[in-house]
Amino acid sequence: MVANRLHSCLKWTLAIVGVVSLTMNIVFLCMSSEKAPRCAVKPRFPPKGKHDARSMVFADLTRDEYTQVRDFMLGQKSLDLTNDALAKPSQNFLFLIELSLPKKKDALGYLDQKSTKPSREATVVVFHGANGQIIEYVVGPLPNPTNFTDVTQKRYNKTLPISARTVTIGEYALLFKFTRAQVYSKLPKLLKESFDVDKDKTINEFEQMPRGVKSGDRITWISFFRDMSGMYIHPVGLEVQVKHQSLNESEWTVERVLYNGQYFNTVEDLRAQYEAGNVSKIVYKETPDYGSLKPKVRPLQVPPLQYYPEGKRFSVENNHVLYLDWSFAFGLSSLTGMRAFDVRFKGERIVYELSVQEAMSVYGSVTPGMALTKFLDSSIGIGRFAHELARGVDCPYDATYITTHRYMDVSAPVRYKNSICVFEHNTGQPLRRHFSDFFSNSYGGLVNSALVFRTITAIGNYDYMWDFVFYQNGALEAKVHATGYMSTSYLVKGSKKYGHQVADNVLGNIHTHFVNFKVDMDVLGVKNVFLTKDMKYTNVSMPWNPSHYAMVPQLVEEQLTTEKAAALRYGTVTPRYLHVASRALNRWGHERSYRLQVTTFAGDPLPESAPEEKAMSWSRYKVAITKHKDAEQTSSSLYSQNDIWSPAVDFSKYIADNESIDNEDLVAWITTGFLHIPHAEDVPNTVTVGNGGGVLLRPHNYFDVDPSSESPDAVYIKPRSEQSCDTNRMACLAQESCSPVREPFTYNGFEGVMKFD
């Protein structure tokens, strides 16, 4: 008994000692963390170079400029415009206001201090429902515009029919009203028994594109989905084809209905057959909320965070960014999204314009909507849907966030807080390194720390993450990753030829993702050539033993001198090294150039025999090189989606004239992307890992040595000097620890979302 009491006392004593020890450790850690100094808010060393106000020539319009242009255009009584967000198709609706980019020659003259500042102007798109056409105007000068000019014919060499217009919020509101009146009200029994729809519950609509099969059509298949999280992966098995071609919504009609894989000519026919028991019925059953992104477990730990112990090494002022040896101007187009201009490394312009042009998807399905679907996102607006980035998730917590304004399908300019982020990123791997083990011992390495310029656009079901990445070796990367929800269709007979089943009665439809980038390169000026390099094996006699032959890889170089020769198609063997080069030579006698290295797993482009292919003819080419023309500003257009058979911009015409690209101002059009065969792991939604592509612009004989050899981030260690801070800042890190200064978490991303009432 005494032994038991002693044992019990010992246990209690040890427990008390343990609690006291733990408490003291916690107190000590808290005291230690309180003593840690705050990390520097301002950089220890000022950034190289100075911000250049001339970058404002590429700056997006300000809120005041949008308002000035809107009010000026509304004041033109002869145009009879409205800016009512719920405007009807028959009205003259002021749809879009955007910066009108200056001509390249004028911009370069101003940037290089050879000429005056180009006039600042805006492009205005008006849907003239009253006279059945779309007109683009240039309005200027800004601020305080005084004139407007119709530039439609000049830009597109054709008039633009009103049927090519984007579906506006006003037209969506009318479509939703139409389906309630012409579908919901006529099928109450079917909707209740099949989908549990009543006065308190509804199903959601998601339309497919293009809208018809020929120019002038505006006939849309609308699919219905459960009103649940991630509605795009909850199809219900009902699709309706609506003809909304007339500008008078009272003349709209339902053309076809699909219910559970069965077609009907009218809603009334479906109702009659359903009530007579002549159709295979869908019986409602509650569906799990498998599309929700709400955490299924309680968060326990914050994942790793990065911070800037000695302040940020980049600086953002107006629309200009400085980072180590880099500088560039930036913008965010409502139509095409992210873009950078006047990109310089060590003061030399490498790229005049780097911009997103188009994002396109072609779907396969046995059901009508998805079978026809070919999404061209710039027709909806890629940059239009760049909402606020979630701090610590979409971008590192301590990134610099930039607010933008846009005017597209609205009544007034809309503010999108924190819709761009900029941050320096440690990629977690060395940019270069070597451990010397033979003859002498040393270690040398350089962390791969790069600047990332990012926005994310949520276009319907898909979210695209756009990155421009600036590396210390003079390389520049443009890349995209896709996430969000896949588009799905209701599982019917024959569906599995077009994808994989991912949930009960749900097919994940096979589709391609193609993305087009524009890279207007100026390598040591605007006079460049296009070179290719590759290898071949040659049977070579050995000089020291002429009777012996060996297959030896040999360099093969060629200059391509015409646009047709430099249009490198998908599905053909292309040289592995592609270069935009100057005629200037480096120290070793080689053309100073930048290599275009495309990273892609794109699916097959749409065959040219397809009538819709002309609107996406840029996707034929992995890389296409053209001579710069101000008239060839974009590879696609706002009107491609809804007049896909007779597009306002047919990129293949840029190549058809086959101009010389020998010693000319060259533009590279890069197509990247991936084939997506949906699978079970795309539920709840698609991850970014492995779903992307891009292009890397790498210096190739542009320098005499790797410019990152001059980086202050380099680490060099010799035996017996492992703790020296002279050539290894990492050795001093523990002595200089600091506590990061963090902004409070806020989120305003739901400002600026589409509203239909």
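Start by selecting lysine 104 and aspartate 522: both residues are buried, and buried means under 20% relative accessible area, with exposed over 50% and partly exposed in between (1.4 Å probe, protein chains only). Now show their side chains, and you'll see them meet in a salt bridge at 3.0 Å, N to O. That term stands for a side-chain nitrogen of Lys or Arg within 4 Å of a carboxyl oxygen of Asp or Glu. Zoom out a bit: lysine 104 sits in helix 3 (residues 104-111), while aspartate 522 is in the loop between strand 25 (511-521) and strand 26 (529-542), so this pair links distant parts of the chain, 418 residues apart. Helices (H or I, at least four residues) and strands (E, at least two) are DSSP runs, numbered from the N terminus.

A quick word on what you're looking at: this is a predicted model, where local features need pLDDT of at least 70 and side-chain atom pairs count only at pLDDT 80 or more, while totals for chains, interfaces and linings use all residues. Residues are numbered from 1 along each chain as its sequence is written, and side-chain values use heavy atoms, leaving out hydrogens and water.

Next, pick arginine 344 and aspartate 112. Their side chains form a salt bridge too, at 3.6 Å from N to O. Arginine 344 belongs to strand 14 (residues 337-345) and aspartate 112 to the loop between helix 3 and strand 2, so the pair ties together parts that are 232 residues apart in sequence. Which of the two is buried? Arginine 344 is, with a relative accessible area of 18%, whereas aspartate 112 is partly exposed at 31%.

The structure holds 44 salt bridges, and there's a whole network of them to select: Lys627, Lys629, Glu632, Asp657, Glu659 and Glu664.

Now jump to helix 6 (residues 188-195). Colour its buried residues, Leu190, Leu191, Ser194 and Phe195. They cover an arc of only 95° around the axis, which puts them on the same side of helix 6; the arc is that of the directions from the helix axis to the C-beta atoms. Among the elements covering them are strand 7 (219-226), strand 8 (235-243) and helix 7 (267-275). Just after helix 6, click on aspartate 196, which takes a positive phi of about 60°. Aspartate 196 also forms a salt bridge with lysine 192, with the closest N and O atoms 2.7 Å apart. Aspartate 196 is buried at 12% relative accessibility, but lysine 192 is partly exposed at 37%.

On to helix 2 (residues 63-74), which has twelve residues. Its buried residues are Glu65, Tyr66, Val69, Arg70, Phe72 and Met73. Look down the axis of helix 2: these residues fall within an arc of 165°, so they line one face of the helix. Their cover includes strand 1 (92-100) and strand 17 (400-408). Leaving aside neighbours within four places in sequence, glutamate 65 is in contact (heavy atoms within 4.5 Å) with Asp60, Arg120 and Leu142.

Last stop: select methionine 551 in strand 27 (residues 545-560). Is methionine 551 buried or exposed? Methionine 551 is exposed, at 51% relative accessible area.

Terms used. The expected span of a helix is 1.5 Å times one less than its number of residues.
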